[in-house]
Amino acid sequence: MADDFDLLETSGAEQKQKSNDKVDWGKAIDQMKSKLAQEDSPEVRQKILNATLDNVVDMAEKDRTSLLDAIKDLTDYQDEVGIIFERFSTLNDEEQRVIDDAQKELDKAKVEYQAALDKPDTWWNNLWGRKSRIKREKEELGQAEKDRKFADSKAKEMFQKRIESSDTETLLKELSFKSQAAVKRLKDREVEIKEVEDRLQDAIVEASKNHTKALEKKEETETELEKQKALLSQARQEIEEIVDKQSPEYSEALAKITKLEQKVEELDGLRTAYITLAASKDSFVHKHNLTIKVLTSLRSNLQTHRAKLKSDTEERIRYYDGYVVALKARTDQEFAAILEHLGVKTDEKIGETLAAMYTASSKARQDMMENIPVHEKVMKGIYSSYAESLQEIREKDVEIRKNFADRYGIDMKELFEEYYRNNENPSTGDAGGNDNTPTGNEGGGGNSAPSNDGGGSDDLLG
């Protein structure tokens, strides 16, 4: 029969697989060894190679501290660049409730303020407090807006206070959440840039059209300007031919010249305006084109960052899971080592106690054996005292019988013997059962005096 018992067995049926993704741990270990071999710092390599579980505790704590500082910096950076705090941090229920409650109050205040404004501005409504209600609702709306802003600060303060005492796993989850939120923000920024690019493309087309129109108008203006200049030159020649400077013909010719000069000046100014406009449009065509190039480059970079961040975040979550599990395994390993140490020490203590029990029991047995002669000696003394006391009692009995016999002529031996017989056999009740004992009718002063013949001793010791 095969032996199914295996102390090193790890049953996969008792565990739920967290992910369907397979990790090639052999490859990961090879990569780790490769990176270790490529490590430039001999001190770092030696530190890694000589690491113990106690060293790992310090390293893990430094990792947690670095993560905590990084997350605090990221949270502060969110405020500086105007990123909404609640969308970039994993808030717990209590922190989220602070923001949600303030937002509900703000939405309610907006509705009530709008309802006050929508009420018709009539004499009757104003009489019943329309204007005062609008003022009151506006004040409440302002307070609700302040409370909403304060809620962000309060939730942030609660969040910062919570993560200060958080473990590494919580901090890694926060970092992963920020990365995922950044992916969405980068995507939104790409869309925004693309919209600006499209608008700039339309602006380039429009500026190019205006540039072309301005050049066309410039050419038309220049043609008309040359024509007016020719007329002006002709008019000046004609006025030179008029002899009478006071004649109506001279005045008409002068007025014609003035009008032509004005026209030439207007056309010259218009030509300058078209030239300037064309240059401006041409300049903006180049500026817009440069801006599009910059935005396209930025969008491309953002796209690259987003794609890499999204992919790396997914991989990083798995990587973090491995790190967290490793930390837990390290803790379990230390816990098991502590239990093993305590178990060994407990075994030793119990062994010592059992050994002490055995030694104490053996000593007690020896003491008991050693005390037997002492006990017998004590009992011998007790028995000797007992025997001496009985002897004294017997002697006293003899004296009492003798005194009674001498004083009253009564033989007390018979009475005492009957008394002893009754005490030894209380169920017989009659001392006459003994044939060797004289009855009460036979007693008399004529009998021989009692003697210490040993019969009383046998009865007393019987």
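Predicted model: local features only at pLDDT ≥ 70, side-chain atom pairs only at ≥ 80, totals over all residues.
A nonpolar core is a set of buried Ala, Val, Leu, Ile, Met, Phe, Trp, Tyr and Cys residues joined through side-chain atoms within 4.5 Å.

**First selection: the largest core**

Select Leu67, Leu68, Ile71, Leu91, Ile99, Ala155, Phe159, Ile163, Leu171, Leu172, Tyr320 and Val324; these 12 residues form the largest nonpolar core. At least two of its residues come from each of helix 3 (53-81), helix 6, helix 7 and helix 8 (248-408). In soluble globular proteins, nonpolar side chains tend to be buried together.

Next, centre the view on leucine 172. With neighbours within four places in sequence set aside, the contacts of leucine 172 are Leu67, Tyr320, Tyr323 and Val324.

Ala235, Ile239, Ile242 and Ile257 are among the 11 residues of another core, which lies apart from the largest one.

Turn now to the charged side chains, where the count of salt bridges is 12. Display arginine 162 together with glutamate 95: the two form a salt bridge whose closest N and O atoms are 2.8 Å apart. Arginine 162 belongs to helix 6 (residues 130-164) and glutamate 95 to helix 4 (residues 93-118), so that this pair, 67 residues apart, links distant parts of the chain. Which side of the pair is buried, and which is partly exposed? Glutamate 95 is buried, because its relative accessibility of 2% is under the 20% cut-off. Arginine 162, at a relative accessible area of 24%, is partly exposed.

Select arginine 130 and aspartate 121, whose side chains meet in a salt bridge at 3.5 Å, N to O. Is arginine 130 buried or exposed? A relative accessible area of 12% places arginine 130 in the buried class. Aspartate 121 counts as exposed, since its relative accessibility of 54% is over the 50% limit.

Move to helix 7 (residues 168-241) and show lysine 184 and aspartate 188. Their closest N and O atoms are 3.1 Å apart, in a salt bridge. The two residues are separated by about one helical turn, because they stand 4 residues apart in this helix. Lysine 184 is exposed at 54% relative accessibility, whereas aspartate 188, at 40%, is partly exposed.

Definitions and conventions. Residues numbered from 1 in each chain as written. Heavy atoms only, no water. Salt bridge = Lys/Arg side-chain N within 4 Å of Asp/Glu carboxyl O. Buried < 20%, exposed > 50% of the residue type's maximum accessible area, 1.4 Å probe, protein only. Contact = heavy atoms within 4.5 Å.
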